[in-house]
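Please open the model in a viewer and keep the sequence at hand.

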Amino acid sequence: MPSAAVHAHLNRLAKLLRRHLKAIRSRWRILPPGKIAVIVLAVLRHDQRLADMAGGNNVSESTVRRWRDELIGLLAAQAPRLDRALKKVARRGGEVVLIDGTLIRTRRRTGKADRRNYSGKHRSHGLHFLALTDEKGRLIWISAARPGRTHDNTAALGALADLGFRGLDNDILDPVIVTGFHATRTHKLTPSQKTANRVLATGRAPVEHGFAHLKNWRTLTKLRTDPARATRLLRALLVLTNLEVSR
């Protein structure tokens, strides 16, 4: 991560914590906000073990965990809501938003309760998220976590989408979602349909870049299956990712 982005993240985290402490009238922490920001950023970006960060700073592991969860909650509260995100795009003159789904892999658990988190498409357990980006690939919204087996159609919005959203563009006169053509055993794509698919793939490239930036946060490599906690984490990382990309 460039040093400028690191400083921007640290300043954002420290400022958030100072404001929060002032709001709850509790300015005391065993370490100053700037140092806490360094610790939490190391956990999120590099997946540093909580025990290691605790030992290196003479605090308990539970304290580091509490700081991490506190700042994740504060960041997640700043993540854009869907209606406000779309209005912001419209105010800027945007006409298209890009939508796609992704699977964030989780630790596999045994038992029937975890079967719904298995994605046959990815052959892995995880949680499913939808995200919107603008035409430049800037992430503008991310959905709540859903079971890994969720199909993209379940939360489709008006957007340029990939083949996962087929079936929602049936209104030829006023399509809600523009999707590609799908070949079957009995129907081969025509040259024009193949060309259209290539154009759509090129147009959708920014959303792939948006996901790539988000997945640079190594803490996602050990994501647990708690949907509420995962949602807060992804939305917190969305805020930090946008701060990094916009620089």
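Does Glu-70 count as buried or exposed? The model is a predicted one, and in it Glu-70 has a relative accessibility of 18%. Because buried means under 20% relative accessible area, Glu-70 counts as buried.

**First stop: the salt bridges**

Arg-29 is partly exposed, with a relative accessible area of 22%.

How many salt bridges does a search of the whole structure find? The number is four. For another of them, select Asp-69 and Arg-68, whose side chains meet at 3.0 Å, N to O. Asp-69 is partly exposed, with a relative accessible area of 31%, while Arg-68 counts as buried at 16% relative accessibility.

Next, select Asp-52 and Arg-49. A salt bridge joins their side chains, with an N to O distance of 2.9 Å. Both residues count as partly exposed: Asp-52 has a relative accessibility of 43%, and Arg-49 has one of 48%.

Move to Glu-61, which is found in helix α4. At 35% relative accessibility, Glu-61 counts as partly exposed. Glu-61 and Ala-51 are 10 residues apart along the chain, and their C-alpha atoms are separated by 5.1 Å.

From there, select Asn-58, in the loop between α3 (50–56) and α4. Asn-58 is not a glycine, yet its phi is positive, at about 55 degrees. Asn-58 counts as exposed, at 70% relative accessibility.

Then select Arg-25, which is found in the loop between α1 and α2. Arg-25 also has a positive phi of about 55 degrees although it is not a glycine. Its relative accessibility is 80%, and Arg-25 counts as exposed.

Which residues form a positive surface patch? Select Arg-84, Lys-87, Lys-88, Arg-91, Arg-92 and Lys-136, which together form it. Within this group, pick out Lys-88, whose place is in helix α5 (residues 82–91). Lys-88 is partly exposed, with a relative accessible area of 38%.

Select strand β3, residues 124–133. How many of its residues are buried? The count is 10 of the 10, so strand β3 is largely enclosed by the rest of the structure.

Arg-105 stands opposite Gly-126 in β3, and the bridge partner of Leu-103 in β3 is His-128. Seven of the eight residues of β1 are buried, so strand β1 is likewise largely enclosed by the rest of the structure.

Stay with His-128 and look toward strand β5. His-128 stands opposite Arg-146 in β5. Strand β5 comprises residues 146–147, and its pairing with β3 is antiparallel, over two bridges.

Where is the bridge partner of Thr-133? Select Leu-139 in β4, which is that partner. Strand β4 covers residues 139–142, and three bridges join it to β3, the two strands running antiparallel.

**Last stop: the hairpin**

To finish, select the residues that lie between β3 and β4. The hairpin of these two strands has five residues between the strands. Among them is Gly-137, which takes a positive phi near 90 degrees.

Technical notes
Residues are numbered from 1 along each chain as its sequence is written. Side-chain values use heavy atoms; hydrogens and water are left out. Patches are made of residues with over 30% relative accessible area and no salt bridge: like charges are joined within 9 Å, nonpolar side chains (Val, Leu, Ile, Met, Phe, Trp, Tyr) within 5 Å. Accessible areas come from the Shrake-Rupley method with a 1.4 Å probe; for residues, only the protein chains shown count as cover. Lys and Arg count as positive and Asp and Glu as negative; His and the chain ends are not counted. The place of a charge is taken as NZ of Lys, CZ of Arg, CG of Asp or CD of Glu. Helices (H or I, at least four residues) and strands (E, at least two) are DSSP runs, numbered from the N terminus. Buried means under 20% relative accessible area, exposed over 50%, partly exposed in between (1.4 Å probe, protein chains only). Two strands pair if DSSP finds at least two bridges between them.
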